[in-house]
Amino acid sequence: MKGEIKMDDLEKLLNKRLEDKEFKKEWEEFQPELQLMKQVIGERIKQNISQKELADRMGTKQANISKLENGNANPSLDFLKRLANSLGKKLEIKFV
């Protein structure tokens, strides 16, 4: 399709942008948030549940799940514990 962006194009663009030291620093600093987003979305899809269903399990609002999945949240440790529990998982945080 005309105007369609392919994954290869995105990877090339990202690699080009990563040559910029300031961009690379910000990109690397964003990785923990990106990993969390990917894990939550992936697990929710794997379990075939909606954001609303996950929110109900946690006792929170669907908007809070949406914000987390979109990278627009700064969740508390308590929120992350409840999230993990609601997905049948254990929260593990470590320094490397």
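Analyst: A nonpolar core is a set of buried Ala, Val, Leu, Ile, Met, Phe, Trp, Tyr and Cys residues joined through side-chain atoms within 4.5 Å, where buried means under 20% relative accessible area, exposed over 50% and partly exposed in between (1.4 Å probe, protein chains only). The model is predicted, so local features need pLDDT of at least 70 and side-chain atom pairs count only at pLDDT 80 or more, while totals for chains, interfaces and linings use all residues. Residues are numbered from 1 along each chain as its sequence is written, and side-chain values use heavy atoms, with hydrogens and water left out.

The largest nonpolar core has 11 residues, namely Val40, Ile49, Leu54, Ala55, Met58, Ile65, Leu68, Phe79, Leu80, Leu83 and Leu87. Two or more of these core residues come from each of H3, H4 and helix H5 (77–86); such helices are DSSP runs (H or I, at least four residues), numbered from the N terminus.

Within H3, the buried residues are Gln51, Leu54, Ala55 and Met58. Viewed down the axis of H3, these buried residues fall within an arc of 100 degrees (taken from the directions from the helix axis to the C-beta atoms), so they line one face of the helix. Among the elements covering the buried residues of H3 are helix H2 (21–46), H4 and H5.

A polar atom of the Arg44 side chain lies 3.0 Å from the backbone oxygen of Ile49, and Ile49 is itself one of the core residues. With neighbours within four places in sequence left aside, Arg44 is in contact (heavy atoms within 4.5 Å) with Ile49, Ser50, Gln51, Leu54 and Glu69, of which Gln51 and Leu54 are buried residues of H3.

In the loop between H2 and H3 sits Asn48, which counts as exposed because its relative accessibility is 67%. The phi of Asn48 is near 55 degrees, a positive value in a residue other than glycine. Most residues other than glycine have a negative phi.

At its other end, H3 is followed by Gly59, whose phi is also positive, near 80 degrees. Thr60 is found in the loop between helix H3 (51–58) and helix H4 (62–69), and it counts as buried because its relative accessibility is 17%. The side chain of Thr60 makes a polar contact (a pair of N or O atoms within 3.5 Å, in which, within protein, one must be able to donate a hydrogen and the other to accept it, and residues adjacent in sequence count only if both atoms are side-chain atoms) with the side chain of Asn64, at 2.6 Å.
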